[in-house]
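Me: I am new to this structure and would like a close look at a single part of it. Please set that part in its surroundings as you go.

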Amino acid sequence: QKWQRVVELEESLALPQGASLYLLAYVAFAVGDSNVCEAAIRKHIGLEPTSSSGHFLLGCILRQTGRAHDALQEFTDARRCNQNSKKAHLAAAETALYLGLEGFAQEVVASIPANVLREMSDDERAWILECGKQDRSA
């Protein structure tokens, strides 16, 4: 019932099925319905396995629901699908650090393309540099 308006909207837009599932998942995430979000985004990824945005959104919902190891895999998949995804690189590094995987976080940081580093804010670059210093001093 509560999703009826979203379903009507997506039908009126005549989006491809994968895009409409992503839209549903995104709206569900925004309103805090993790079950609908996860189900829709998994179906989206099934249709579009190279969707960086899909893997990233699934990683976010998994992280939010306490499944950080699974989230890290999704953030890694998002990076694989789109090496220029700043948010995927940052989320992968942050989640790796959260899990105590400093070495993996450093690998993520070291693999960020120069063009993506240039797009980062000063705070993001400082955080990335700090990650690198922590690993090198170990």
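The part I have in mind is helix α4, and what follows is about its residues and what lies around them. Which residues of α4 are buried, and which residues does His55 touch?

Reply: This is a predicted model, in which local features need pLDDT of at least 70 and side-chain atom pairs count only at pLDDT 80 or more, while totals for chains, interfaces and linings use all residues. Residues are numbered from 1 along each chain as its sequence is written, and side-chain values use heavy atoms, with hydrogens and water left out.

First, the setting. The protein has nine helices and zero strands, where helices are DSSP runs of H or I with at least four residues, strands are runs of E with at least two, and both are numbered from the N terminus. Of the 138 residues, 40% are buried; buried means under 20% relative accessible area, exposed means over 50%, and partly exposed lies in between, with a 1.4 Å probe and protein chains only. Among contacts with a separation of 6 or more, 50% join residues 24 or more positions apart, a contact being heavy atoms within 4.5 Å.

Helix α4 covers residues 52–64, and its end C-alpha atoms are 18 Å apart, which agrees with the 18 Å that 13 residues should span at 1.5 Å a residue. That expected span is 1.5 Å times one less than the number of residues. The helix is mostly covered, with 10 of its 13 residues buried. These are Ser52, Gly54, His55, Phe56, Leu57, Leu58, Gly59, Cys60, Ile61 and Leu62. After α4 comes Gly66, which has a positive phi near 85°.

His55 lies in α4 and counts as buried because its relative accessibility is 5%. Leaving out residues up to four places away in sequence, His55 touches Ile45, Pro49, Glu74, Asp77, Ala78, Arg80 and Cys81. Two of these can be followed further. Asp77 belongs to helix α5, residues 68–81, and is buried because its relative accessibility is 13%. Cys81, at 23% relative accessibility, is therefore partly exposed. Asp77 also has a listed distance to Ser52: the two are 25 residues apart in sequence, and their C-alpha atoms are 7.2 Å apart in space.

Apart from its neighbours within four places, Phe56 is in contact with Phe75, Ala78, Lys87, Ala88 and Ala91. Ala88 and Ala91 are among the buried residues of α6, a helix of residues 86–98. Phe56 and Phe75 have the most contacts inside the largest nonpolar core, which has 30 residues. The elements giving two or more residues to this core are α2 (17–30), α3 (34–47), α4, α5, α6 and α7 (102–110). A nonpolar core is a set of buried Ala, Val, Leu, Ile, Met, Phe, Trp, Tyr and Cys residues joined through side-chain atoms within 4.5 Å. In soluble globular proteins, nonpolar side chains tend to be buried together.

Cys60 is another buried residue of α4. A search of the whole structure finds zero disulfides, a disulfide being a pair of cysteine sulfur atoms within 2.5 Å. For Cys60, the nearest cysteine sulfur is that of Cys37, 8.7 Å away.
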